[in-house]
Amino acid sequence: MTTQHTVLDVDPSAEVQRRLLDVQRAAFLAEGPPALDVRLDRIDRLLACVLEHAEELCAALDADFGSRPLAASLVSDIVGPISGAQKIRQHLAEWMRDEELPGSAEAGTPAFVQIRPKGVVGVVGPWNFPVTLVVQPAIEALAAGNRVMIKFSEVAERTADVFARAVATRMAPEEVAVVRGGVATASAFSALPFDHLIFTGSPAVGARVAEAAGRNLVPVTLELGGKNPVVLGSDADLGLAAQRVGAMRLMNGGQICLCPDYVFVPRDRVEEFVAQYEQAVKGYFPTWLDNPNVVSIVDDRNYDRVTGLITDAEAKGARVVTIAPPEEAEVLPRRKGRRIAPTVLLDVTEDMAIASEEIFGPVLSVYPYDDLDEVITYVNTRPSPLAAYFFGSDGPEFREFIRRTTSGGVTRNDLAVHWGVEGAPSGGVGRSGMGAYHGKTGFLTFSHRRTVATTTSPTGLAQNILPPVGEAMAEPLRGLVAHTLADIHGRLNGS
């Protein structure tokens, strides 16, 4: 490896990937923590790689999905990282400064926390937003002073080729390198001894990535998914909820980890909500079959999976509402072009696969409820979702919902808003993820916070424990134990 800008072959062997990691780590150690201007230059160059090839990347995304409108790709995969990069430029100098520890000098141990880069960060990206969900964490890793290796999704193979060539126009392989390839390549990538690894994708694959990283004790950040609930409170505006749930459920063809999977609606308002939802969907997509604004299901495997969920639910008694013109509903779903009509499922039961599997398509389950407690119990007895949504006022119902449930994030009266708030951490919990990034949170995720302390004591720490000094401390320490225990007993006894 040299500083010449090169593109790695597809499916590089485990040995080639390891050599690339070694080259990046050697370059990192030789340079040391990079200066502010170096970090900003690398961020600018990486972002320029994407923006200079925006049209080509969007064309590749359209080809990979089968149908993906230009505007959708520009919004989701091209301009997405811009605001985050701008915020980093504004604040990076401040974030890099040592943090003085208040009170440490008065205690005789003046100390500060040094913010250091970890080294080489591995980024494993998903196929649904394949560009932005590798560029954003890569920018934050570069801001923290690291080198970056990116494993691009093999599902979006045309986009992977364009992206790899684009990155190589401005980034040397010892700065940022792109690895392309299938499952074997991804497995070898996950097993590399990175200094940090971030993965975005499904919980099932995330578990395998974490297992592989764990063998090298590599810290991981996992951005996963799950079945995200929507709760319509007793005072929810059904029209507003239907419009916003519908928009989010159909964005990117429903292939978003933050999409709503199911909606809880007060029992006496279910039919009204379904009617409002159908009206909202038809407003966005009057037709579906050959509509160029529809994002197709990405490949045959996912098409079969989503249609299988609908078929299974219907066979087991679910009521299926297909939202498409009658002449289209007769031929949908259609394998050619991988088109699945927007669908609502009612009377969903626990024996149906869709009750437990993440949908990742234009399908929504609707459940009736009589009491908020049953909603909270339902959510809490399942894996914690990446997002939870509530429509209604900021009153007792909403406060009880967020008090008693756990999720990666929450948005009220819309969907996914919490994910884009500047400075807010983005991440899951439990099966929906581990750790977080975005903005300063991402900078700190990819940094090591090292405490540096000095002592002004006339005797060393260990000297205060060993004889003869240590012997004289025994009685005062016994007194401290007795005094503290007396205080605790007083509080426990209510005195």
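**Close-up views of the predicted chain**

**View 1. Ile 43 is a buried residue of helix α2.** At 1% relative accessibility, Ile 43 counts as buried (buried means under 20% relative accessible area, exposed over 50%, and partly exposed in between, with a 1.4 Å probe and protein chains only). The residue belongs to helix α2, residues 36-52 (helices, H or I of at least four residues, and strands, E of at least two, are DSSP runs numbered from the N terminus). The structure is a predicted model, in which local features need pLDDT of at least 70 and side-chain atom pairs count only at pLDDT 80 or more, while totals for chains, interfaces and linings use all residues. Residues are numbered from 1 along each chain as its sequence is written, and side-chain values use heavy atoms, with hydrogens and water left out. Leaving aside residues up to four places away in sequence, Ile 43 touches Ala 85, Ile 88, Ile 139, Leu 142 and Ala 143 (contact means heavy atoms within 4.5 Å). Ala 85 is 42 residues from Ile 43 along the chain, with 7.3 Å between their C-alpha atoms.

**View 2. Seven strands build an open sheet of mixed pairing.** The strand order is β10-β11-β12-β9-β8-β13-β14 (two strands pair if DSSP finds at least two bridges between them). At the edges stand β10 (319-322) and β14 (409-412), each of which pairs on one side only. On average, neighbouring strands of this sheet are turned by 20° against each other, direction ignored (axes are lines fitted to C-alpha atoms, for helices over the stretch in contact, and angles run from 0 to 180 degrees between N-to-C directions).

**View 3. Strand β12 pairs in the parallel sense with β9 and with β11.** The β9 pairing extends over 5 bridges, and Tyr 262 stands opposite Ser 365 in β12. With β11 (residues 343-346) there are 3 bridges; here Val 344 faces Leu 364 of β12. Because 6 of its 7 residues are buried, β12 is largely enclosed by the rest of the structure.

**View 4. Helices α10 and α14 pack against strands of the sheet.** Strand β8 (residues 228-232) runs parallel to β9 (residues 260-266) over 4 bridges, with Val 231 opposite Phe 264 in β9. Helix α14 (residues 372-380) touches β8, β9 and β12, and its direction makes about 135° with that of β12. Helix α10 (residues 238-250) lies across β8, β9, β12 (363-369) and β13 (387-391), at about 165° to β9.

View 5. Pro 468 is part of the loop between β16 (447-453) and α17 (469-492).

**View 6. Leu 217 and His 438 have positive phi values.** Most residues other than glycine have a negative phi, and most peptide bonds are trans. Leu 217, with phi near 55°, is located in the loop between α9 (203-214) and β7 (220-223). At 76% relative accessibility, Leu 217 counts as exposed. His 438, with phi near 95°, occupies the loop between β15 (433-434) and α16 (439-445). This histidine is buried, at a relative accessible area of 6%.
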